[in-house]
Structures are given as structure tokens and as C-alpha cells.
Amino acid sequence: MKRFLALCAVFSAVIIPTMAANLLVNPSFNSPDTNFEGDDAAAQWEGTDWTRWGNCFRQRWAAHSGHAGGYFRGWSEGTNGAGVYQNMSATGGTYTFTIWLRREPAFSLNQIDLKIEWLDADTNYLQTTFGTYKSVPGDGLWHPVYVTSTYTNTATASWVRPVLYGNWTNAGGSLLFDDAQLYSGTYTGATPGLLNPSFEFYTTNDFRCSQWTASGDSYYPLENPWEFSDWPARAGSLGLGLRGWLTQYPVYTVTVSQVVTPGVTTTSDLVWWWRQQVNDLGLGTWFQPSISVQRRGASAAHVTAPQRG
Ligand SMILES: [Ca+2]
């Protein structure tokens with residue numbers, strides 16, 4: 001056991017990249033842990049240190065991590081645009097803004113702009129840099145997006161403003177956003193790994209806030225054949241249980257999974273996750289698992305997995 005933990009320590013020191021300091025205040029949208037009741041967008045954003053406009057709300061079920069996230073409400077018109085931003089003091093340089101987005105299938109998105117604006121002391125616009133995309137897949141999964149901007153006329157700039165803007169047509173669903181970052185320098189990559197591995201976090205009895213996805217998830221607290229509760233907890237206070245006694249589901253198959261982000265999650269991430277599970281169970285192994293990426297009809301030379309040094 002000690003030997004395994006020592007290996008973990010070495011591994012962490014090697015692969016975890018130096019994280020650039022996040023300059024945003026309340027980047028997780030978790031604070032304050034209040035104002036979720038009711039339907040007043042202005043009240044929901046009060047005290048968050050974010051400026052928001054349009055049909056842009058904050059709610060527990062919109063979380064990518066922690067207990068809250070923001071969302072564009074697809075059952076309200078958003079054709080005039082909505083969004084959030086923060087002003088940070090800056091006199092030029094290179095900055096990167098990243099955020100996680102989750103677009104539900106029903107959400108009729110017209111345009112997403114992730115941008116960095118540079119402003120003078122009177123908040124007049126000096127320069128705007130847009131991300132290279134105008135959309136995000138409507139697959140109900142979390143995707144990281146980013147934009148990098150450089151401004152060199154340091155005599156004129158006073159503020160750098162990261163902005164998430166969207167407009168959409170009233171058709172249902174939502175576009176959720178969470179876990180923003182603004183840091184000095186160019187893009188350093190998304191944070192990989194499993195979120196909420198202990199199933200401690202959820203709000204209503206569905207998977208929306210849990211970071212996990214279940215086949216057949218209705219997105220509504222119907223009587224699903226699963227249950228976040230204390231009785232399935234192995235550690236901590238909560239777990240996910242499958243309910244075999246519901247007469248409306250004499251036979252039911254469900255797959256509970258979490259996104260492996262293409263281009264981000266590495267085979268090493270998965271290997272070490274498995275090793276941690278074995279370790280957490282107090283077990284040893286004869287040999288360590290290994291995971292490789294394979295594709296039918298392709299040799300190893302044609303299949304690449306992301307690497308981090
Ligand atoms: Ca959050």
C-alpha cells in the first residue's frame with residue numbers, strides 16, 4: 001500500500017501541469033449559496049461578482065462542479081442575446097478565457113460568442129477577440145471552450161473583460177455554463193478526470209447536476225429506476241442506487257457513464273482512475289490495468305491519444 005501511494009505522489013508531480021492562476025472572482029458560480037428559489041434572474045446573480053444580462057439564470061442543477069452553475073433559458077426568448085462577464089484590471093498582454101458549456105438537445109442555439117474585450121479607463125472598446133466557434137454540440141454533454149487574446153498598446157488599456165454571450169430561439173432546454181477561468185498566457189488545456197466520483201452532488205433526483213449521464217435520463221424528477229440517496233452510500237453520505245422493485249420497469253437496463261472528453265482525457269487518466277479504485281477498495285493487483293485506444297482497420301500509428309508531459 002505504501003509503495004502504491006508513493007507511486008501516486010511521483011505521478012502527480014510529473015503529470016499535473018502547473019495551473020495558471022485564475023484571475024476571476026467566483027469562477028465556479030457557486031457563491032453565494034443562496035437565491036436559488038423563485039424565478040428572478042437578477043436576484044439569482046446578486047452577490048456573485050458576475051455581471052449578467054438577458055435570460056441568463058443561475059441554478060443548482062446547472063452545475064458542472066460544486067453546487068451551482070449558470071444557464072441560458074431555452075424556454076424564454078433569447079434572440080436579443082444574454083450573457084455574463086467580469087471586468088479585470090489589465091494594461092495589456094495575453095490572456096485566455098475558458099468555460100465549460102453543456103447544451104441540451106432541445107436548446108435551439110443561434111450563436112455562442114466566447115470573447116475577450118479590451119477597454120480603456122472609461123470602458124470604451126479598444127479591441128474584441130472572438131473564439132473560433134459559434135456553436136457547441138447539442139448532445140447534453142459538457143464541453144470546454146476557450147479564447148485567447150493579446151493586446152499590446154499598454155498605454156491605452158485599463159480593463160480586460162471575458163464575456164460569454166449567446167442568443168437562441170425559444171424551443172426548450174437550456175445551455176448550461178460553469179467553471180470559468182481567466183489567466184495570463186495562452187491556452188493550457190482543460191482539466192481532465194472524473195467529476196463527482198462519490199455521487200455526493202445532485203439536486204433533484206436526476207443526473208443534471210451530478211456530472212454523470214444515464215441512458216434514458218428524462219431530465220425531470222420522474223420516478224426513475226435509480227435514486228440518489230443515503231442508502232446506497234458506500235462512503236460519504238450519498239450514493240446512487242438502482243431500484244429493482246418498480247412495477248413499471250419489470251426489466252430495465254441502464255448505463256451510467258461520464259464524459260471522456262475527446263482530445264482531453266488521456267488513457268493515462270483512465271488507467272490511474274482504475275488504479276485508484278482498486279486502492280480505495282483496499283485491494284492489491286497481480287498486474288496493473290492498461291488502456292489503449294484502438295480503431296478497427298487502423299494500425300497503432302494511425303491512432304493517437306492526447307499526451308501530457
Ligand atoms: Ca459551479
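Student: In what order do the strands of the open sheet of five strands lie?

Tutor: This is a predicted model. In the open sheet the order is β2-β3-β11-β6-β9, and the pairing is antiparallel.

Student: Which strands stand at the edges?

Tutor: The edges are formed by β2, residues 56-59, and β9, residues 142-151. Each has a single partner strand, so one side of each lacks a neighbour in the sheet.

Student: What is the average twist from one strand to the next?

Tutor: From one strand to the next, the twist averages 30°.

Student: Over how many bridges do β6 and β9 pair?

Tutor: Strand β6, which covers residues 93-103, pairs with β9 over ten bridges in the antiparallel sense. As one point of reference, Trp100 has Pro144 in β9 as its bridge partner.

Student: What holds strands of a sheet together in general?

Tutor: Strands in a sheet pair through backbone hydrogen bonds, and the pairing may be parallel or antiparallel.

Student: Turning to β10, how many bridges join β7 to it?

Tutor: Eleven bridges join β7, residues 108-119, to β10, and the two strands run antiparallel. Within this pairing, Leu114 stands opposite Leu164 of β10.

Student: And over how many bridges does β4 pair with β10?

Tutor: Strand β4, residues 82-85, pairs with β10, residues 159-169, over four bridges, again in the antiparallel sense. The bridge partner of Tyr85 in β10 is Val163.

Student: What about β5 and β10: how many bridges join them?

Tutor: Two bridges join β5, residues 88-89, to β10, and these strands also run antiparallel. Met88 stands opposite Val160 in β10.

Student: A change of topic: is Glu117 buried or exposed?

Tutor: Glu117, which is located in strand β7, is buried, because 20 other C-beta atoms lie within 10 Å. The cut-off for a buried residue is 20 or more such atoms.

Student: With which residues is Glu117 in contact, leaving aside its neighbours within four places in sequence?

Tutor: With those neighbours left aside, Glu117 is in contact with Tyr125, Thr128, Arg161 and Val163.

Key:
Residues are numbered from 1 along each chain as its sequence is written. This is a predicted model: local features need pLDDT of at least 70, side-chain atom pairs count only at pLDDT 80 or more; totals for chains, interfaces and linings use all residues. Two strands pair if DSSP finds at least two bridges between them. Axes are lines fitted to C-alpha atoms, for helices over the stretch in contact, and angles run from 0 to 180 degrees between N-to-C directions. A residue is buried if 20 or more other C-beta atoms lie within 10 Å of its own, exposed if 12 or fewer, and partly exposed in between; C-beta atoms are placed from the backbone. Two residues are in contact if their C-beta atoms, placed from the backbone, lie within 7 Å.
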